[in-house]
Amino acid sequence: MKIVLTILLLGSVLAGTAAAQSVEFSGQFRERSEFNDKSFIEDQHHDVYHLLRTRLKATATVNDQVNVVLEVQDARVFGQESSTFNSGASSFDLRQGYLQLTGYAGGLISATPGRQALVYA
C-alpha cells in the first residue's frame, strides 16, 4: 500500500511540476559506523555496523501560494542485503510529501496537508 501511495504522490507532483515556476532538487548521503561491545566474554566477536542513509528531495514552486515538497529516503545496514536491485523496497520510503498552501482567502487561510517532518523549536 505504501508503494502505491508513493507512486500516486510522485505522479501528482510530476504532473504539477510541469506548470511549476521553479523546481529545486537536493539530497543527502550519510554513512555512520557503530561498534557494539556489549559482551563481557573476551573471545567473543565484536559487532561493527555501517549504517547508510540516502535522501532525495524535490521542491516545486507552482505559484506564490502553492509549493509541493516530495522527499524519499533509503536507509539500510551496509552488507546486509545480497542485492539492492530487487530487495522488495523495504528500506525505501516516502519521508515527506506535502502541499504548502499560503495566503488563500485574502491571506486568512494557510494549510500544509500531507506527510511532513515536525520540527520543535
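The questions and answers below concern a predicted model of one protein chain.

Q: Which pattern of helices and strands does the protein chain follow along the sequence?
A: The predicted chain has one helix and six strands. Read along the sequence, the order of these elements is α-β-β-β-β-β-β.

Q: What share of the 121 residues in the protein chain is buried?
A: A residue counts as buried when its relative accessible area is under 20%. In this chain of 121 residues, the buried share is 18%.

Q: What percentage of the accessible surface of the protein chain belongs to carbon and sulfur atoms?
A: The accessible surface of the chain comes to about 9,100 Å². The part of that surface belonging to carbon and sulfur atoms is 58%.

Q: How many bridges pair strand 2 with strand 3?
A: Strand 2 covers residues 47-61, and strand 3 covers residues 66-77. The two form a hairpin with four residues between them. R55 stands opposite Q73 of strand 3. The pairing is antiparallel, and its number of bridges is eleven.

Q: Which residue of strand 4 is the bridge partner of Q73?
A: Strand 3 pairs with strand 4 (residues 92-104) in the antiparallel sense over nine bridges. Within strand 4, L94 stands opposite V72. The bridge partner of Q73 in strand 4 is D93.

Q: Which residue takes a positive phi in the hairpin of strand 4 and strand 5?
A: Strand 4 and strand 5 (residues 109-111) pair in the antiparallel sense over two bridges. L101 has A111 as its bridge partner in strand 5. Four residues lie between the strands of this hairpin, and the residue with a positive phi near 55 degrees is A105.

Q: Which residue in strand 6 is the bridge partner of G97?
A: Strand 6 consists of residues 114-115 and pairs with strand 4 in the antiparallel sense over two bridges. The bridge partner of G97 in strand 6 is R115.

Q: With which side chain does R53 make a polar contact?
A: R53 lies in strand 2. R53 is buried yet has no salt bridge, and E71, the nearest side chain of opposite charge, is 7.6 Å away; a salt bridge requires a side-chain nitrogen within 4 Å of a carboxyl oxygen. Leaving out residues up to four places away in sequence, R53 touches Q28, F29, R30, Q73, D74 and A75. The side chain of R53 makes a polar contact, at 3.2 Å, with the side chain of Q28.

Q: How far apart are the closest N and O atoms in the salt bridge of R95 with E71?
A: R95 lies in strand 4 and E71 in strand 3, 24 residues apart, and the pair links distant parts of the chain. R95 is partly exposed at 27% relative accessible area, whereas E71 is buried at 6%. The closest N and O atoms of this salt bridge are apart by 3.2 Å.

Q: Which residue forms a salt bridge with R76?
A: R76 is buried, with a relative accessible area of 19%. The closest N and O atoms are 2.9 Å apart, and the partner is D74.

Q: Why does the salt bridge of D93 and R115 tie together parts of the chain, and how many residues apart are they in sequence?
A: The side chains of D93 and R115 meet at 4.0 Å, N to O. D93 is partly exposed, at 23% relative accessibility, and R115 is partly exposed too, at 44%. Because D93 lies in strand 4 and R115 in strand 6, the pair ties together parts whose separation in sequence is 22 residues.

Q: How many salt bridges are counted?
A: Side chains of opposite charge can pair when their charged atoms come close. Among the salt bridges here are R95 with E71, R76 with D74, and D93 with R115. The count comes to four.

Terms used: Residues numbered from 1 in each chain as written. Predicted model: local features only at pLDDT ≥ 70, side-chain atom pairs only at ≥ 80, totals over all residues. Heavy atoms only, no water. Buried < 20%, exposed > 50% of the residue type's maximum accessible area, 1.4 Å probe, protein only. Lys, Arg positive; Asp, Glu negative; His and termini not counted. Polar contact = N/O pair within 3.5 Å; in protein donor to acceptor, adjacent residues only side chain to side chain. Contact = heavy atoms within 4.5 Å. Pairing = 2+ DSSP bridges. Areas by Shrake-Rupley, 256 points an atom, 1.4 Å probe, with all protein chains shown as cover.
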